[in-house]
Amino acid sequence: MTKQLDPLKLEKVAIILKAAAHPLRLGIIDLLDKNERLSVNDICDQLKSDQSLTSHHLKNMRLNGLLKCEREGQQMFYSLLLKEVTEIIRCLEKCDKL
């Protein structure tokens, strides 16, 4: 007999996947996997992305529980809260049909 998946857990997983499902967001996750924490400016510089667009994506990811944010003076520093998301990305990178 197979175990049925918990609908509440499935909903949470769907929210996490939606929050990560954008090339810029995946780039942010990859950067934060390699660096413990980065400022918005560091992320923009490394991804060559616009600050307002990057901030929008960072806010979305923070609100959906993927990232945590700490303010130091005028700067905001982000770090991965759900490091397991990087395992999902690595798994998907191995798919032959990508």
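These legends describe several close-up views of one predicted model.

The model is predicted, so local features need pLDDT of at least 70 and side-chain atom pairs count only at pLDDT 80 or more, while totals for chains, interfaces and linings use all residues. Residues are numbered from 1 along each chain as its sequence is written, and side-chain values use heavy atoms, with hydrogens and water left out.

View 1. Helices (H or I, at least four residues) and strands (E, at least two) are DSSP runs, numbered from the N terminus. Along the sequence, the pattern reads α-α-β-α-α-β-β-α. The C-alpha trace spans about 55 × 30 × 20 Å along its principal axes. The chain has 98 residues, and 30% of them are buried. Buried means under 20% relative accessible area, exposed means over 50%, and partly exposed lies in between (1.4 Å probe, protein chains only). Take the contacts between residues at least 6 apart in sequence: 51% join residues at least 24 apart. Contact means heavy atoms within 4.5 Å.

**View 2. Helix H2 crosses helix H5.** H2 covers residues 23-34, and H5 covers residues 84-93. Their axes come within 10 Å and cross at roughly 115°. Axes are lines fitted to C-alpha atoms, for helices over the stretch in contact, and angles run from 0 to 180 degrees between N-to-C directions. The crossing of H2 and H5 is left-handed. A crossing is left-handed if the near helix is turned anticlockwise from the far one by less than a right angle, and right-handed if clockwise. From H2 come Leu 26, Ile 29 and Asp 33. They meet Val 85, Thr 86, Ile 89 and Arg 90 in H5. These residues divide into 4 nonpolar, 1 polar and 2 charged. Here Ala, Val, Leu, Ile, Met, Phe, Trp, Tyr, Cys and Pro count as nonpolar, Asp, Glu, Lys and Arg as charged, and the others, Gly among them, as polar.

**View 3. Helix H3 crosses helix H4.** The axes of H3 and H4 come within 10 Å, at roughly 115°. This crossing is right-handed. H3 brings Val 40, Asn 41, Ile 43 and Cys 44 to the contact. H4 brings Gln 51, Thr 54, Ser 55 and Leu 58. The contact has 4 nonpolar residues, 4 polar and no charged.

**View 4. Lys 48 lies in the loop between H3 and H4.** H3 spans 40-47 and H4 spans 51-63. Lys 48 is not a glycine, yet its phi is positive, about 50°. Lys 48 is exposed, with a relative accessible area of 75%.

**View 5. Helix H1 carries Lys 9 and Ile 16.** H1 runs over residues 7-20. Lys 9 is exposed, because its relative accessible area is 59%. Ile 16 counts as buried, because its relative accessible area is 14%. Leave out residues up to four places away in sequence, and Ile 16 touches Leu 66, Leu 82 and Val 85. From Lys 9 to Lys 34 is 25 residues in sequence and 28 Å in space, C-alpha to C-alpha. Ile 16 and Phe 77 are 61 residues apart along the chain, with 20 Å between their C-alpha atoms.

**View 6. Ser 79 sits in strand E3.** The strand covers residues 75-80. Ser 79 is buried, with a relative accessible area of 9%. Beyond its neighbours within four places in sequence, Ser 79 contacts Leu 32, Glu 36, Arg 37, Leu 66, Leu 67 and Lys 68.

**View 7. Arg 37 meets the ring of Phe 77.** The charged end of Arg 37 sits over this ring, 4.2 Å from its centre. A charge sits over a ring if NZ of Lys or CZ of Arg is within 6 Å of the ring centre and within 35 degrees of the ring normal.
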